[in-house]
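Keep the picture in view as you read.

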Amino acid sequence: MTASTYVARKPGPDGNIHYTEEENAVWQTLMTRQLNCVQHRACNEYLTGLARLDLPRDRIPQLDEINRVLQPATGWRVARVPALISFDRFFELLASQQFPVATFIRRREDLDYLQEPDIFHELFGHCAMLTHPAFARFTHIYGQLGQNATPRERGFLARLYWFTVEFGLLNTLEGRRIYGGGILSSPGETQYAFESDKPEFRPFNMLDVLRTPYRIDIMQPIYYVLDSLDDLFAIAGMNIMAEVHKAQQMGLFAPTFTPKQTAV
Ligand SMILES: [Fe+2]
């Protein structure tokens, strides 16, 4: 991966981050577009969380504003981090109920897609779900497991995170709905995951999830679907590392996507 051209913004002497007019305007564009997009596509738990967060439409919020909602709801906080952090730091933060947020926003030319998670992805995509107790519990346990895992085990754990926190879907009485922040912060993928018949929808199964390879730079060919968000409580209570070890022994499924082309 090439080095980031983005730099996380630091607070000024007053403790606030002062974003430029253009940065706030990008936030406003993203908010307006994505608020429309997630209606009837995101699950109710997400929409309830989003209403609680009450994100400003016309400016990037300060992290303290998010914490005033998150902390009383589930004990979680958001933590300001540089654009890229180590896996050790990532897991350490999650294990202490802190969700890392790089305090930069994508440039207008990257409006539709950015591989690096920016503040819009973290706040709009993830923080609404962090107000939900089962999601919050699962993410906390995930952090604790990752902290103590070997690099190889972390590779398997990353797939569990990917197919839940980032790209998870949920069966509801109204049909399939989205809870994964990787989808919900992307207009293209929100529509693709919901309307298109191209992706494959599989029922959530821990071992299958751990064995499913993914690419971060394409629309997902496979989504895993939970029957209830409260299933994340049960998943958090499983012996996840025992499943990781089984997955290690059994190996990965063959990818359903074409491998990434390497530059020549
Ligand atoms: Fe994310």
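This is a predicted model: local features need pLDDT of at least 70, side-chain atom pairs count only at pLDDT 80 or more; totals for chains, interfaces and linings use all residues.

The structure holds one cavity of 30 Å³ or more, and the largest cavity contains about 40 Å³ of space. Its lining is made by Phe 163, Thr 212, Pro 213, Tyr 214, Gln 220, Pro 221, Ile 222, Thr 256 and Phe 257. Sorted by class, the lining of the largest cavity has six nonpolar, three polar and no charged residues.

Now for the helices. Two packed helices are described by the angle between their axes and the distance between the axes. Here are two pairs:

| Helices | Angle | Axis distance |
|---|---|---|
| Helix 4 (residues 87-95) and helix 6 (residues 133-147) | about 140 degrees | 7 Å |
| Helix 1 (residues 21-38) and helix 9 (residues 187-195) | roughly 10 degrees | within 10 Å |

Helix 1 is therefore roughly parallel to helix 9. In this pair, Arg 33, Gln 34 and Cys 37 of helix 1 meet Pro 187, Thr 190 and Gln 191 of helix 9. By class, that contact has two nonpolar, three polar and one charged residues.

How are helix 4 and helix 6 oriented to each other? They are oblique, and their crossing is left-handed. Among the residues that meet are Phe 90 and Phe 91 in helix 4, and Tyr 142 and Gly 143 in helix 6. The contact of helix 4 with helix 6 counts five nonpolar, six polar and one charged residues.

Notes. Residues are numbered from 1 along each chain as its sequence is written. Side-chain values use heavy atoms; hydrogens and water are left out. Axes are lines fitted to C-alpha atoms, for helices over the stretch in contact, and angles run from 0 to 180 degrees between N-to-C directions. Helices (H or I, at least four residues) and strands (E, at least two) are DSSP runs, numbered from the N terminus. Angles under 35 degrees count as roughly parallel, over 145 as roughly antiparallel, 65 to 115 as roughly perpendicular and the rest as oblique. A crossing is left-handed if the near helix is turned anticlockwise from the far one by less than a right angle, and right-handed if clockwise. Contact means heavy atoms within 4.5 Å. Ala, Val, Leu, Ile, Met, Phe, Trp, Tyr, Cys and Pro count as nonpolar, Asp, Glu, Lys and Arg as charged, and the others, Gly among them, as polar. On a 1 Å grid over the protein atoms alone, a cavity is a set of points where a 1.4 Å probe fits but cannot get out, and a pocket is an open set with protein on both sides within 12 Å along at least five of seven lines; lining residues have an atom within 4 Å of a point. Grid points are joined across faces, edges and corners, and a volume is the space filled by probe spheres set on the points.
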